[in-house]
Amino acid sequence: MAHIIPFRGLRYHERENLSAVTTPPYDVISPAEQEAFYQLSEHNVIRLELAKEYPDDTPENNRYTRSAQTLNQWIDEQVLCYEEEPAIYLYEEIFTLPNGSVKSFKGYITLVELEEFSKKIVLPHEETLSKAKTDRFHLMEATHANFSQIYCLYMDPEKTLTRKISEISQNPADVSFTAGDGIKQNLWIITDPDMISAIQAGFAQKQLFIADGHHRYETALNYRNKMREENPNYSKDDLFNYVMMMLVEMDDPGLVVLPTHRMVKNLEHFEEEDVLRRLSGTFAADKITVKENAAKEMEQALEAKQQEKAFAFYTGKDYFYLLTLTDHSAMKRHISDKSDAWLGLDVAVLHTLILADVFGIDMENMANQKNLVYTRYAEETADRVKNGEFQCSFLLNATKVREIKDVSLANEKMPQKSTYFYPKLITGLVMNRF
């Protein structure tokens with residue numbers, strides 16, 4: 001099954017202020033945040049992972065070539081230094097949820113041998129967009145590096161690997177700091193050969209389920225295939241056959257998945273009463289008056305319906321509708337070639353029975369965000385509908401971790417934006433050059 005190896009990670013020199021040089025993943029960074037990270041430090045990893053574009057960019061001088069030049073310069077200047085010997089890293093994030101509860105999760109940062117999805121060693125759960133894969137391919141081709149980890153889950157019912165995590169983390173972390181977002185970051189550097197062998201043996205029979213980083217994994221596969229074509233005498237040990245991952249146990253109590261809500265705009269014909277009429281017979285619609293805070297009250301209503309298929313439907317007025325699926329055979333009538341696991345996803349029910357069936361928003365439309373925009377902030381869904389930017393919004397409950405496993409094992413993929421693992425893994429703590 002999963003084949004992992006230690007590697008000489010590329011890390012910032014100890015003189016660098018890690019809170020000033022690390023960032024969240026590239027795909028959650030806005031243009032304004034990108035500029036802020038540029039200003040924060042001349043050595044911020046944003047210059048590698050998400051370099052700026054300029055109007056006069058050329059094939060010879062562009063964001064990707066500049067990332068490669070910067071990477072080489074920082075290695076030469078020892079801004080970035082290779083680990084003295086191959087290592088596996090234990091990584092922990094400690095964070096506080098909005099309700100005040102403190103959580104943490106730990107996992108292994110290591111290199112994992114790339115395998116096609118058809119082998120069912122590494123399994124995806126979400127659809128991907130070609131634009132993002134093209135961008136990441138150009139960056140990998142120019143820099144020959146992974147600046148951030150692909151986030152994967154594994155099952156460990158015997159707790160073999162979990163016990164190793166407990167053993168390692170009894171010692172003080174080798175690196176510890178608080179990132180700019182207030183999340184505590186801890187890193188243990190594992191170089192003991194016996195411990196590394198034990199961890200490798202623990203993963204030898206594991207499947208890995210991608211939680212976050214589908215685009216980067218598919219990009220790494222494409223890059224590996226290109227390198228193999230260009231180097232027919234390649235060795236299995238060549239590092240382009242591997243990709244850097246963070247591996248977390250699926251039952252880790254610190255795993256948090258947040259929902260991604262949907263906002264709808266630019267529909268030619270939209271009438272609240274017509275939507276409710278078309279949904280009748282499939283959904284029960286309970287009209288709930290907003291007392292103070294629409295977003296908070298919609299979230300509370302949904303929380304009470306976690307065991308059902310329910311959505312909050314908001315049109316900007318002083319009330320919202322709690323839509324609860326009553327026709328439980330509707331999904332099978334609409335879609336006959338999907339597993340029960342896929343058909344039972346909240347996001348699949350929303351996309352199929354409401355967005356597609358009632359509004360005519362098909363998969364291509366969703367991918368291009370013609371009529372649909374995604375957000376993880378409930379307040380944003382209420383505010384932007386209320387001010388007229390959007391015609392309506394749908395709030396939903398978060399996808400459950402076990403649902404990710406079940407859909408992946410069925411060899412299927414969820415609709416885009418089905419999961420949002422929180423917090424995101426930090427970029428720049430450990431990097432992989434190959």
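Helix H5 (130–143) and strand E7 (145–146) each contribute at least two residues to the lining of the largest cavity, where helices (H or I, at least four residues) and strands (E, at least two) are DSSP runs numbered from the N terminus. This is a predicted model, in which local features need pLDDT of at least 70 and side-chain atom pairs count only at pLDDT 80 or more, while totals for chains, interfaces and linings use all residues. Residues are numbered from 1 along each chain as its sequence is written, and side-chain values use heavy atoms, with hydrogens and water left out.

On a 1 Å grid over the protein atoms alone, a cavity is a set of points where a 1.4 Å probe fits but cannot get out, whereas a pocket is an open set with protein on both sides within 12 Å along at least five of seven lines; lining residues have an atom within 4 Å of a point. Grid points are joined across faces, edges and corners, and a volume is the space filled by probe spheres set on the points.

The structure holds 5 cavities of 30 Å³ or more, and the largest has a volume of about 140 Å³. H5 gives the most to its lining, with 3 residues, and the lining includes Glu49, Arg136, Ser148 and Arg216. The second largest cavity, of about 100 Å³, is lined by residues that include Asp27, Ser148, Asp212 and Arg216.

Among the pockets, the largest has a volume of about 1,500 Å³, and of its 41 lining residues the closest to the centre are Tyr26, Asp27, Val28, Gln369 and Lys417. H5 again gives the most to this lining, with 4 residues. By class, the lining has 13 nonpolar, 12 polar and 16 charged residues, where Ala, Val, Leu, Ile, Met, Phe, Trp, Tyr, Cys and Pro count as nonpolar, Asp, Glu, Lys and Arg as charged, and the others, Gly among them, as polar.
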